Amino acid sequence: MIAIYLLYGLAFFSLGLAASLQLRHDDDLRLRKQLPWLAAFGFAYAASAWLDMFQTYGANPASGQIINIARMILQPMSGLLLLVFGWGVLTKLSPLPKWTYLLPGLLIVPTAFVITYAATTFVTPSPIEIPIDIWSRYLLYLPGSFMAGIGFLRQWRQQKGLGYSDVAGLMLATGLAFLFEAFVVGLVVPAAPYGPASYYNYNRTVYNAFTGEQIETEEPFGLTNWLDYDRVLEATGLPIQFWRMLSALAVTAFVVKGLAVFDTVRDRQMRALQQERDRAQRLAFEAQLAARQTAENWTEALINISRHIAELNDVDDILLHIVDNGRKLLHSNFMGLAVLNGDAPDLELKCYANDDHARMIDGALKVENPLILETLFRSKSCCFPQEDPPGSFADLCFFVDKPAQTAAAVHLDLDNRPIGALWIARHEGGPYSETDLIWLECLADQVVIAIQHGLMTSQLQSYSIIEERGRIAREMHDGLAQVLGYLNLQVQTLDTLLKRGKQEALRDELDQMRRAIQVAHADVRENILSLRTTLASEKGLISAIDEYLNEFGIQTHIETQFHNEVAGPLNLASLAEVQLVCILQEALTNVRKHAQARCVRVRIAQKLSLNQCEYLLMDVTDDGIGFVEKNGKRSFGLQTMHERALAVGGELVVQSMPGSGTSLICRLPCLSEEKLRKQNLVFQ
Amino acid sequence: MNVREWALPVYTILMQLAVGTLLSLWLTRAFATRRYGRSLTEHVTRIPVLAVLITVIVAIIGSHFHLSRPILSMLAALNLRSSWLSREIFFTISFLLVIISLTCLQWLVPGLDRLKTVLGWLGIVLGGLSIYSMSKIYLLPTHSSWNSPLTVVSFLLTALLLGATAVAVLLVMELKISEVADDAETAVRRQIIQHTFVWLAGVAWVTAVAHLLLNLVIIVRLNQGDISAQTSLMLMLGLYQPLFGMRYIALFTGVGWFGLAAFVLYRQRKVNYEISNPIYLACLLVLIAEIMGRFLFYATHVRVGI
């Protein structure tokens with residue numbers, strides 16, 4: 001029996017030792033935070049059990065008294081530690097259901113009665129260590145172990161729900177071990193002369209509260225000799241200490257094993273978290289790359305559109321380019337552009353792009369979709385994630401049978417005036433995001449800029465036509481009109497001379513008239529040649545100049561020489577080519593009219609720098625009479641040539657000496673290879 | 001005392017608890033109705049009224065453990081003219097019926113506020129008469145320690161004291177239930193608690209002090225009484241001295257805690273969950289004190305004669 005007592009204490013000591021060894025692990029497991037209480041309970045209860053052993057076997061009366069006092073202190077103290085541990089396990093491992101908050105309020109009355117009853121048993125004649133032992137078990141060990149058992153059973157359910165069957169099994173075992181401990185440590189008490197022990201263990205016995213006199217009654221009361229220490233011995237053949245030892249060993253084993261498994265599970269969770277984090281990082285990186293790629297695509301697309309606009313390309317081509325590329329960039333099945341018709345307040349489809357093609361609309365095709373009209377007239381960009389109300393996506397995708405599932409639309413404003421709408425639609429896939437809407441607005445801005453440039457270009461063309469008409473009128477006034485006026489006067493003179501019969505004078509006047517007509521004829525032919533050369537730029541500049549010089553030589557009987565020193569392309573901007581031709585025409589007109597030259601030489605060359613064409617040089621030299629500028633003032637023709645060269649970033653130099661001919665040197669800047677490549681791409 | 005004798009403290013304490021709770025609850029209801037309207041107060045008083053009913057039922061069931069033949073207990077109600085026991089049974093049963101009616105009305109029938117108010121006050125009167133009859137039973141010439149009007153006063157004071165603390169607990173529980181149910185009027189409930197706890201704590205303090213004074217008077221009276229009275233005093237201050245001391249320690253710790261919690265609550269102008277623990281503990285201590293007092297009441301009496 002003494003061995004059982006020893007092992008009984010040793011089992012609880014082992015529990016305390018195991019729990020305290022687990023404390024050395026530095027981690028944040030909630031169960032581990034409750035272990036100090038369990039460790040302290042194990043040590044305190046072991047000490048109490050061993051004191052019990054000493055008191056039962058072989059202690060002398062003097063030391064027996066001390067042992068008794070120590071035991072009376074240790075027992076409630078260990079019970080209190082177990083109660084704190086049980087409360088922690090029940091409430092701290094996982095949150096309690098909300099209804100449990102009502103339990104304290106509901107338990108007040110029964111608790112008050114039990115505590116009062118317990119207090120009254122201390123003033124009975126029985127030895128004080130008996131009520132201390134009993135009430136430590138009933139009020140501290142029993143609820144402490146019970147709460148710990150319930151707490152672990154809750155963990156069992158929770159871990160089972162999470163799919164950790166190994167942990168769940170251990171939690172179940174630990175919970176049952178604590179419930180077993182609640183039974184053998186908290187509910188089985190020594191025999192005592194008052195309830196509830198007496199009512200569990202004995203026939204109904206009435207004690208006088210203050211004399212301790214016992215009165216036996218004949219009335220039966222059921223639970224006789226039920227949970228007595230002797231009854232346990234009688235029923236199982238083993239003392240209660242053995243069963244308590246067994247419960248302590250079970251609790252120790254399962255708690256320690258449970259903590260180890262918790263560690264494993266936590267490691268598993270950490271690994272899963274790590275993998276999740278890596279996956280999230282990879283996804284974020286991929287998303288970042290995709291976003292960057294998208295931004296680059298958009299930047300390139302917007303630059304291309306801007307270049308189209310800057311190069312004064314045809315507006316329709318630019319709009320078609322915007323619609324086609326925008327549809328692809330926004331991963332849409334359809335993109336449409338509609339503008340308000342100036343004559344009637346109708347919104348008409350201008351161009352569209354779908355999965356197969358992009359096309360301009362020739363005739364008038366009215367856009368009557370309510371969402372597009374609402375976007376336009378409310379001047380509010382919108383995403384339409386779903387069709388609400390039903391039918392609102394009808395007539396959204398033109399020339400496409402499949403209905404749209406999601407759409408987005410933006411309005412086009414010019415000078416704060418609505419001029420049209422741009423919209424996209426998808427047949428399937430997710431709705432458009434706010435970012436998509438922002439990109440669509442960027443495209444809408446480009447559309448407005450293209451339209452604005454188109455309007456400005458047509459205005460400029462109108463101004464050019466007016467200017468050209470003015471020039472022709474001026475030429476006719478200065479040339480042909482003067483000659484016709486002169487001829488009119490000469491005809492009157494001829495009439496007078498004919499009436500007077502002056503044949504000689506008449507012949508002289510006729511010669512003068514012939515010369516005047518020839519000059520007028522030359523002017524007209526040159527003008528025609530100039531107009532034809534300017535308009536025939538599609539032949540290529542060099543061949544146009546060559547052809548023009550040949551015609552000029554035939555018409556004016558001035559010898560022309562053309563030296564082309566450029567092997568490859570001229571690398572001139574379109575506008576610069578036009579200005580170059582105009583300057584050459586003006587220079588040759590001056591040669592014909594004023595230089596009295598027999599020969600004129602034109603040279604075209606390039607100035608290269610680092611294998612790049614820096615500028616184009618045109619040299620027009622005649623062997624005429626030359627001239628001197630009067631008071632530094634240039635003639636109207638020379639001034640015009642200077643302005644033309646400056647307009648395209650070039651310069652013009654005229655060198656002339658009387659009797660030594662005139663040399664005109666024009667330098668125009670070339671485009672770089674990169675710019676030319678991009679320009680060619682745009683045109684492709 | 002054995003179970004049979006413990007049935008008496010269970011019955012008397014629970015009955016006084018029920019009557020006192022109903023009184024404090026109806027005073028709180030009157031205050032809250034005037035300030036926050038009938039609709040809310042009807043909801044707030046539902047659970048406390050149910051708790052009063054359960055308490056009365058438990059008390060009556062508990063009282064039967066005192067009887068030798070519980071099945072014949074109704075026969076004790078046949079001597080209304082001459083027996084305080086019969087009157088106690090009559091008033092207790094009447095109180096129970098009124099509380100049953102009131103609970104049914106509170107939970108099942110909306111409106112009828114005037115009827116509910118009248119039933120509540122009727123219940124308080126019947127409950128008060130029940131406590132009075134209960135205390136009159138103990139005024140026996142053969143029990144000199146009981147045979148005094150102080151017994152009646154003591155029982156009534158216990159009802160007041162337990163009622164004040166129990167209503168505090170019930171209001172906190174009701175608040176918790178409304179919090180759990182995410183009730184929209186939780187804030188108003190908090191205001192009710194904030195304002196009523198002050199005077200409930202005041203009532204508890206006054207009755208606790210009155211209890212102490214009453215016990216001092218009883219001690220003086222027993223000291224000046226006959227041999228049985230002096231024997232009772234010897235038991236009280238001798239064998240049961242630890243319980244006597246613990247009773248007052250628990251009582252004043254309980255009401256002190258209650259008063260402090262109510263004061264802090266009133267000053268802070270906010271109610272949070274932390275109020276529940278001090279209130280629960282205060283009520284537990286007060287209840288323990290009163291049960292101990294009742295135990296001492298029974299344990300220290302000395303019977304004279306047969």
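How many residue pairs are in polar contact across the interface of chain B and chain A? The rule finds zero, with both residues at pLDDT 80 or more. A polar contact is a pair of N or O atoms within 3.5 Å; within protein, one must be able to donate a hydrogen and the other to accept it, and residues adjacent in sequence count only if both atoms are side-chain atoms.

1. Basis. This is a predicted model, in which local features need pLDDT of at least 70, side-chain atom pairs count only at pLDDT 80 or more, and totals for chains, interfaces and linings use all residues. Residues are numbered from 1 along each chain as its sequence is written, chains are lettered from A and ligands numbered from 1 in the order in which they are written, and side-chain values use heavy atoms, without hydrogens and water.

2. The interface. Chain B brings 30 residues to the contact and chain A brings 23 residues (contact means heavy atoms within 4.5 Å). About 2400 Å² is buried between them, and carbon and sulfur atoms give 80% of that. Buried area is the accessible area (1.4 Å probe) that two parts lose on being put together, summed over both. Salt bridges between chain B and chain A number zero.

3. The chain B side. Helices H1 (3-36), H6 (149-180), H9 (241-268) and H10 (276-299) of chain B each supply at least two residues to the side that touches chain A. H10(B) gives the most, with nine residues. Helices (H or I, at least four residues) and strands (E, at least two) are DSSP runs, numbered from the N terminus.

4. The sheet in chain A. Six strands form an open antiparallel sheet in the order E5-E4-E3-E8-E7-E6. Strands pair if DSSP finds at least two bridges between them. E5 (358-360) and E6 (382-384) of chain A each have a single partner strand, so one side of each is left without a neighbour in the sheet. Three bridges join E6(A) to E7 (residues 406-414) of chain A. Among the partners, A:Cys382 is bridged to A:Ala409 in E7(A).

5. Helices on the sheet. Helix H11 (residues 315-329) of chain A lies across E3 (334-340), E4 (347-354), E5 and E8 (417-426) of chain A. Its angle to E4(A) is about 55 degrees. Axes are lines fitted to C-alpha atoms, for helices over the stretch in contact, and angles run from 0 to 180 degrees between N-to-C directions. Helix H13 (residues 434-500) of chain A touches E3, E6, E7 and E8 of chain A, at about 35 degrees to E7(A).

6. A hairpin. Six bridges join antiparallel strands E12 (residues 651-656) and E13 (residues 662-669) of chain A. A:Val654 stands opposite A:Leu664 in E13(A). Five residues separate the two strands, and A:Gly659 in the turn has a positive phi of about 85 degrees.

Methods: A salt bridge is a side-chain nitrogen of Lys or Arg within 4 Å of a carboxyl oxygen of Asp or Glu.
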